[in-house]
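User: Could you walk me through this structure bit by bit? I'm new to this, so please spell things out.

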Amino acid sequence: MSLPSHAQVVVIGGGIVGCSVAYHLTKLGWKDVVLLERKSLTSGTTWHAAGLIGQLRATHNMTRLAQYTAELYRTLEQETGQATGLKQNGSLSIATDNQRFTELKRGASMARCFGLEVEVITANEARELWPLLNIADVAGAVFLPKDGQINPSDVAQAIAKGARMGGASIFENTKVTAIHQANGRVAGVGTEYGDIASEYVVNCGGMWAREIGRLCGVNVPLHAAEHFYVLTEPVKGLPSSLPVLRDPDNCAYYKEDAGKLLVGFFEPKAKPWGMDGIPETFAFDQLPEDWDHLAPLLEKAIGRVPALQTTGIQVFFNGPESFTPDDRYILGEAPELKNFYVAAGFNSVGIQSAGGAGKVLAEWIVRGRSPMDLWDVDIRRWLPFHGNARYLHDRTVEGLGLLYAMHWPFRQYETARPVRTSPLHDRLAARGACFGEACGWERANWFAPAGVTPSYSYSYDKQNWFEYSAAEHHAVRETVGLFDQSSFAKFLLQGRDAERALNRVCANDVAVPVGKVVYTPWLNERGGIEADLTVTRLAEDRYLVITSVATQTRDFAWLKRHIPADAHALLTDITSAYAVLGVMGPRSRDLLSRLTPTDLSNETFPFATAQEIDLAYTRAWALRITYVGELGWELYIPTEFALSVYDALVAKGTAFGLVHAGYHAMNSLRIEKGYRHWGHDITEDDTPLQAGLSFAVAYNKPGFIGREALLRERESLPKRRLVMFALEDSERLLYHDEPIWRDGQLVGRTTSGMFGHTLGRAVAMGYVAHEQGVTREFIESGAYEIEIACERVPTQASLRPLYDPQGMRPRL
């Protein structure tokens with residue numbers, strides 16, 4: 001085989017995703033694209049996919065990508081002449097109880113935010129759409145008429161043909177055996193037929209993507225699982241226009257397939273596959289049947305569609321698909337290696353995601369930045385432990401089934417835990433902590449009182465921990481609360497050029513005296529918020545950067561890549577070196593004064609400053625900063641001293657009403673106060689002007705990334721702004737992505753919500769858009785409602801925080 005010696009881009013993997021990346025690169029004018037497939041196109045997972053085209057995803061941007069995919073598939077046949085088998089016959093999801101129906105209706109409300117056509121219907125109306133349906137236990141349903149189905153192999157071949165028409169070259173039976181690197185960048189690939197030098201390499205290797213990543217030290221956490229479906233004998237009178245049916249409570253989906261029914265399953269306990277490696281010869285392979293594993297779900301399927309009882313099964317299919325630890329696919333430039341990109345781990349939604357994923361990744365490659373907020377699927381959300389083989393195996397057991405499980409608010413993973421624990425973990429467990437998991441950390445979300453089991457009872461209504469978390473919330477507002485915040489990501493930047501390097505990345509000014517804490521966003525060239533964090537000057541040549549647990553990899557990579565090559569500045573991740581205790585509330589000063597001789601008064605220890613202090617029997621950094629809107633300190637304690645400091649705080653805290661508090665209380669406290677959360681309320685698509693964070697930008701400081709974009713934006717009124725909301729009905733709850741209505745017009749959606757116990761009602765943040773500009777007058781002159789499960793609830797709106805709008809309490 002004769003391969004080219006050079007290509008601008010090499011795409012590894014000839015499934016539908018790899019073909020889509022190549023196709024979209026050619027659409028952007030890049031013709032020197034080579035796709036390498038180890039066997040034949042579609043021979044891994046694509047060929048046996050069910051081919052469902054659903055457009056409603058968990059978030060706005062993921063839905064936008066799915067919408068684009070559906071639109072692309074509608075035009076491919078006309079463009080390429082290759083049939084795709086597209087049928088826009090809609091999809092029908094049914095609920096067998098009120099909680100599932102609430103979930104479906106919340107999804108329907110969210111679909112309206114995204115411009116999708118959606119209908120909430122009765123059980124009888126569902127049976128009219130799907131005549132074979134047994135509706136004896138159906139509480140209601142949701143119908144999306146623009147969804148559909150497709151032939152996966154045909155559409156992949158159509159995309160591949162389109163890529164060739166655009167100038168791309170595709171080589172089958174060509175396995176990549178090496179990834180070449182030079183000066184921190186990818187430099188090409190090696191194959192059994194020779195090397196190809198390239199500026200960019202894209203890993204679309206599907207089940208093999210983890211192995212391919214390991215060739216160059218890139219972490220791609222995914223694991224294959226067995227995925228089952230059956231194909232029946234022909235069903236007499238089966239309409240070809242039958243919508244795709246999803247019965248999530250019974251873990252099954254149904255689609256018409258040439259007069260037959262294909263019934264697929266997402267069982268609660270999956271079977272990981274490939275633990276000993278994927279066979280070298282694997283191509284278009286099937287895995288062994290397992291009737292015992294599937295029998296309980298088949299029985300439920302017969303109950304849902306009684307016609308199956310008298311219809312034979314023609315095919316029992318079992319094939320592998322890859323799953324990630326959080327059931328979201330992996331996209332973007334690897335933080336470990338510049339110009340090495342990944343699109344893999346599609347968790348059974350590869351067909352419906354491939355068009356959009358290929359488009360945005362191609363734009364990312366060509367432009368050197370992501371075209372939109374893609375944090376949901378960003379490869380920079382992973383840490384090294386996520387690629388651990390045992391971890392991936394154990395999480396995959398749970399992951400497949402979660403696609404059809406209830407998507408409860410605050411639901412926690414049950415498998416592959418614990419991974420990362422604070423040194424205080426056992427102390428908190430003894431106090432009744434109910435732990436959640438965040439990026440591997442076990443974190444106390446709430447505390448159960450004596451005699452109560454610390455475990456979740458999930459619901460879309462007030463859950464079993466509601467009153468316990470309320471007590472924690474009130475303690476922080478009225479006396480003092482203790483938070484374990486050890487999961488914070490912590491970076492140390494040292495060197496004589498540390499200030500220069502940080503001041504280019506930080507929108508705020510960090511040329512400050514030693515001991516000053518600076519709240520700052522990091523921006524991209526468009527003025528979008530890439531990170532939201534604090535920077536503390538510990539010395540003339542040393543800074544401490546504190547950021548979210550979820551963005552540890554992302555923020556470290558962003559800062560490292562933006563340190564000038566000639567700068568004397570060394571960045572180190574010191575997350576594991578320090579435990580963090582948050583002592584927050586009006587009596588926090590009184591409590592801490594019992595443990596340190598340091599004067600904690602406003603005069604000597606003002607807000608937004610830091611000092612290294614004696615604390616119990618150790619030295620610790622105390623930062624006077626807050627994420628809950630009250631007087632308080634974050635205490636950064638060397639890990640080995642954490643237990644002794646904790647014990648001292650608890651011993652002295654009794655006299656001041658100290659209460660242990662968890663992250664649910666922190667969330668309700670911060671939303672009441674209007675404190676933003678990166679990834680929810682602010683993203684790389686949002687600017688400080690839109691998000692109400694101009695106070696954290698030093699506009700007069702020259703040279704910081706994003707400044708020019710912000711100066712241009714300041715010349716006109718913002719067309720969207722982040723607004724605070726509080727429901728008038730104290731019994732309703734808010735979470736995120738609920739539609740916001742102003743005077744009967746849809747103007748936005750919520751970004752995060754929680755019950756605000758101080759205010760006595762649910763509170764939220766969300767963006768409101770208005771083409772003529774969003775002013776205070778515009779906000780205050782409208783009547784607002786938030787739509788919850790298809791019902792509009794009156795709400796108060798304000799540009800200022802609804803609690804302590806003057807921001808006085810942290811400065812007491």
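Analyst: Let's begin with a hairpin: E18 and E19 form one, with six residues between them, and in its turn Asn339 has a positive phi of about 70 degrees. Please keep in mind that this is a predicted model.

User: How many bridges join E18 to E19, and do they run parallel or antiparallel?

Analyst: Strand E18, which covers residues 330-333, is joined to E19 by four bridges, and the two run antiparallel. To place one of these pairs, you can look at Ile330, whose bridge partner in E19 is Ala344.

User: Which strand is joined to E19 by three bridges?

Analyst: That is strand E11, residues 194-203, and here the two strands run parallel. Within this pairing, Val201 has Phe340 of E19 as its bridge partner.

User: What holds paired strands together in general?

Analyst: Strands of a sheet pair through backbone hydrogen bonds, and the pairing can be either parallel or antiparallel.

User: Back to E19, how many of its residues are buried?

Analyst: Five of the five residues in strand E19 (340-344) are buried, so the strand is mostly covered. The cover is found on both faces, with Phe340, Val342 and Ala344 buried on one side and Tyr341 and Ala343 buried on the other.

User: What does Ile379 touch?

Analyst: Leaving aside residues up to four places away in sequence, Ile379 touches a set of residues that includes Ile330, Leu331, Gly332 and Glu333, and also Val342. Ile330 and Glu333 are the two ends of strand E18 as numbered, 330-333, while Val342 is one of the buried residues of E19.

User: Where is Ile379 itself, and is it buried or exposed?

Analyst: Ile379 is in the loop between H8 and helix H9, the latter being residues 389-402. Ile379 counts as buried because its relative accessibility is 2%, and buried means under 20%.

User: How far is Ile379 from Val218?

Analyst: Their C-alpha atoms are separated by 9.9 Å, although the two residues are 161 residues apart along the chain. Val218 is also among the residues that Ile379 touches, as is Asn219.

User: Changing topic to helices, how do H2 and H8 cross?

Analyst: The axes of helix H2 (residues 60-80) and helix H8 (residues 350-367) come within 7 Å and cross at roughly 100 degrees. That angle makes H2 roughly perpendicular to H8, since angles of 65 to 115 degrees are counted that way. Among the residues that make the contact are Leu65, Ala66 and Tyr68 of H2, together with Gly355, Gly356 and Val360 of H8.

User: What about H1 and H2?

Analyst: The axes of helix H1 (residues 16-27) and H2 come within 14 Å and cross at roughly 75 degrees, which means that H1 is roughly perpendicular to H2. The contact is made by Ile16, Tyr23, His24 and Lys27 of H1 and by residues of H2 that include Tyr68 and Leu72. Tyr68 and Leu72 of H2 also take part in the contact with H8.

User: In what order do the strands of the five-stranded open sheet come?

Analyst: The order is E25-E26-E27-E24-E28, and the pairing is antiparallel. Strand E25 (517-523) and strand E28 (570-573) stand at the edges with a single partner strand each, so one side of each has no neighbour in the sheet. On average, neighbouring strands here are turned by 30 degrees against each other, with direction ignored.

User: Which helix lies across that sheet's strands?

Analyst: Helix H13, residues 552-561, lies across E24, E25, E26, E27 and E28, and it runs at about 175 degrees to E28.

User: How many disulfides are there?

Analyst: The structure holds zero disulfides. Cys204, for instance, is in none, and the nearest cysteine sulfur, that of Cys19, is 9.1 Å away, whereas a disulfide needs the two sulfur atoms within 2.5 Å. Cys204 is buried, with a relative accessible area of 6%.

User: Last one: where does Ser43 sit, and what does its side chain reach?

Analyst: Ser43 is in the loop between strand E2 (33-36) and strand E3 (52-53), and its side chain reaches the backbone oxygen of Ser40 at 2.7 Å. Ser43 counts as buried, because its relative accessibility is 2%. Apart from residues up to four places away in sequence, Ser43 touches Glu37, Phe282, Ala283 and Phe284.

Methods: Residues are numbered from 1 along each chain as its sequence is written. This is a predicted model: local features need pLDDT of at least 70, side-chain atom pairs count only at pLDDT 80 or more; totals for chains, interfaces and linings use all residues. Side-chain values use heavy atoms; hydrogens and water are left out. Buried means under 20% relative accessible area, exposed over 50%, partly exposed in between (1.4 Å probe, protein chains only). A polar contact is a pair of N or O atoms within 3.5 Å; within protein, one must be able to donate a hydrogen and the other to accept it, and residues adjacent in sequence count only if both atoms are side-chain atoms. Contact means heavy atoms within 4.5 Å. Two strands pair if DSSP finds at least two bridges between them. Axes are lines fitted to C-alpha atoms, for helices over the stretch in contact, and angles run from 0 to 180 degrees between N-to-C directions. Angles under 35 degrees count as roughly parallel, over 145 as roughly antiparallel, 65 to 115 as roughly perpendicular and the rest as oblique.
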